[in-house]
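Subject: Handing over the structure

Hi,

Here is the structure I promised to pass on to you. Please open it alongside this email, and my notes on what was found follow below.

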Amino acid sequence: MTQNTNTEQEYKPKKTNPVVWIIMCVAAVIWLFIAIVPFFFMVLNSFKGQFEMLMNGIFSMPEEFYFDNYLEVLTGGFFHYLLNSVIVLVISLVILLFISAMASYPLARFKFKMNAPIYALIIACMSIPMHITLIPIFKMMNTIGLYDSIWALIGPYVAFAVPISVFILTAFMKGIPVEIEESAAIDGCSKYKIFFSMILPLSTPGLSTLAIYNGVTMWNEFSFAYTLTQSESARTFPLAVWEFQGQYSKSTPMILAVLTLTVLPMIILYVVMQDKLIKGMTAGAVKG
């Protein structure tokens, strides 16, 4: 009885200091305000007429919700840009997650002589500035005939996302209990079967986190999209915003409508996958 009482006392959760709790709540509210206010006014002003925002100010409510801004944007090639971005994003993420998982598993589990140097080399690649590779990649895409197509974007997107993805996923896979693999090996499972049947399913939270993290970066990427594409048929969402800005430079509400439609897919993606994102970020934080 004494031992049980001591154990219960030992694992009794500590109460949070009320002052710390209040500071955390205030900081969260301030951060929420900073994050949501610009988005709120962007959406609000996108429903105004061309001169209404200038006459009444950005903080005023629309006199009448003006949906023609969105209608004109949606009929101006918006869905073509959306399709290009979705194709590039989906293919890039599938290739990225597969390569990262295949690279992270041996680095996390196998003990071989070149393990540490290979891992260090991959991590060192995170320090390579993206912009110094624009000209070499531009020449390479010209040589192989992929310039001015959406396929030219997939390679650079995957290549620059691999180091950080391997870094995160290797740490995640190290947190998977080794006993699971040992039991499977005793039952006669090969390394390939263990990887595809056990490690990949258990790594779903980590893979989901990487998909959202890299997906947002790829969705908003501008430099490679601008350098490796030229025609309107090959351009993605960031360039759509750029082109719409030039087209509707005299209509600020129209530009805000374009920006609202651009960020909407990423917001929907986050809402759908937020539980997996949180699980991936907190995985390994608590043991036992």
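The chain has 13 helices and 0 strands, where helices (H or I, at least four residues) and strands (E, at least two) are DSSP runs, numbered from the N terminus. Read from the N terminus on, the elements run α-α-α-α-α-α-α-α-α-α-α-α-α.

Before going further, please note that this is a predicted model, in which local features need pLDDT of at least 70 and side-chain atom pairs count only at pLDDT 80 or more, while totals for chains, interfaces and linings use all residues. Residues are numbered from 1 along each chain as its sequence is written, and side-chain values use heavy atoms, with hydrogens and water left out.

Of the 288 residues in the chain, 36% are buried (buried means under 20% relative accessible area, exposed over 50%, partly exposed in between, with a 1.4 Å probe and protein chains only). Among contacts (heavy atoms within 4.5 Å) with a separation of 6 or more, 73% are between residues 24 or more positions apart.

H4 has 42 residues and reaches 57 Å from its first C-alpha to its last, close to the 62 Å expected at 1.5 Å a residue; the expected span is 1.5 Å times one less than the number of residues. H4 also bends by about 60° at Gly-77, the bend being the angle between axes fitted to the seven residues ending there and the seven starting there.

Now to the spaces. On a 1 Å grid over the protein atoms alone, a cavity is a set of points where a 1.4 Å probe fits but cannot get out, and a pocket is an open set with protein on both sides within 12 Å along at least five of seven lines; lining residues have an atom within 4 Å of a point. Grid points are joined across faces, edges and corners, and a volume is the space filled by probe spheres set on the points.

The largest pocket holds about 390 Å³ of space. It is lined by 18 residues, and the closest to its centre are Pro-156, Tyr-157, Ala-159, Phe-160 and Ala-161. Helix H7 (151-174) and helix H10 (204-220) each give two or more residues to this lining, and H7 provides the largest share, 7 residues. By class, the lining has 15 nonpolar, 2 polar and 1 charged (Ala, Val, Leu, Ile, Met, Phe, Trp, Tyr, Cys and Pro count as nonpolar, Asp, Glu, Lys and Arg as charged, and the others, Gly among them, as polar).

Lining the largest cavity are Ser-85, Val-88, Leu-89, Tyr-157, Met-218, Trp-219, Thr-236 and Pro-238. H4 gives the largest share of that lining, 3 residues, and the lining has 6 nonpolar, 2 polar and no charged residues.

Two residues are worth a click. Phe-237 sits in helix H12 (residues 237-247) and is buried, with a relative accessible area of 1%. Beyond four places in sequence, Phe-237 is in contact with Phe-78, Tyr-81, Leu-82, Ser-85, Trp-219, Thr-262 and Pro-265. Ser-223, in helix H11 (residues 223-228), is buried too, with a relative accessible area of 18%. Not counting residues up to four places away in sequence, Ser-223 touches Met-130, His-131 and Leu-134.

Best wishes
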